Amino acid sequence: METRCSVNGKGLADCKVPNISNPESILTVDLSNNKIKSGDGLEVFTKLQTLILTKNKIESLKTFPSIPTLQTLNLDHNNMDDVYETIKYIKEKFPSLTSLSVLDNPFSPKAGTTQYALFRNLSLIHISEPTRPLYISYAVFCLKKKKKKKK
């Protein structure tokens, strides 16, 4: 039984994956390099653990369904400009999330700046307390530096 679904660069405007059988068995969905703006269609993936939405046109997670099983979310290279709204929806819709990547969104620091260098040197943002009540504390608490590889 297939547990991974990848639909890269097909021009999709939403997350409705064509011609998929047994979406309830899929654990990983990669919809990178599309034109996705909404989460419509994700509700069929009832056991989804990893969602990759790199290089799309997502501005907000407002239209995304609740995915209680989601653990890893990659939203790099999208159009999200409100970090507080993003954190709010992540907290509401993805209660099991442990890893999040949001590089190169409008709320991310611009390339070439000191802040970007620091931001880029962060690994996936690890969320270990998804029930923290304060958004600002929650966002700062999530940052964890990449471990340097030993040679």
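View 1. D30 is buried, with a relative accessible area of 10%; buried means under 20% relative accessible area, exposed over 50%, and partly exposed in between (1.4 Å probe, protein chains only). The model shown is predicted: local features need pLDDT of at least 70, side-chain atom pairs count only at pLDDT 80 or more, and totals for chains, interfaces and linings use all residues. Residues are numbered from 1 along each chain as its sequence is written, and side-chain values use heavy atoms, with hydrogens and water left out. The structure holds one salt bridge (a side-chain nitrogen of Lys or Arg within 4 Å of a carboxyl oxygen of Asp or Glu). In this bridge the side chain of D30 meets that of R4 at 3.8 Å, N to O. D30 lies in strand β2 and R4 in strand β1 (residues 4-6), so the pair ties together parts that are 26 residues apart in sequence. Helices (H or I, at least four residues) and strands (E, at least two) are DSSP runs, numbered from the N terminus. R4 is partly exposed, at 41% relative accessibility.

**View 2. S32 beside D30.** S32 sits in the loop between β2 (28-30) and β3 (50-52). S32 is buried, with a relative accessible area of 7%. Its side chain makes a polar contact with the side chain of D30 (2.7 Å). A polar contact is a pair of N or O atoms within 3.5 Å; within protein, one must be able to donate a hydrogen and the other to accept it, and residues adjacent in sequence count only if both atoms are side-chain atoms.

**View 3. L53 in the nonpolar core.** The largest nonpolar core has 28 residues, of which L31, L53, L61, L73, L75 and F94 touch the most other members. Such a core is a set of buried Ala, Val, Leu, Ile, Met, Phe, Trp, Tyr and Cys residues joined through side-chain atoms within 4.5 Å. Beyond its neighbours within four places in sequence, L53 is in contact (heavy atoms within 4.5 Å) with residues including C15, I36, F64 and N78.

**View 4. Helix α1.** In α1 (residues 83-93), the buried residues are T86, I87, Y89, I90 and K93. They cover an arc of only 165° around the axis, taken from the directions from the helix axis to the C-beta atoms, which puts them on the same side of α1. At the start of α1, a side-chain oxygen of D82 comes to within 3.1 Å of the backbone nitrogen of Y84.
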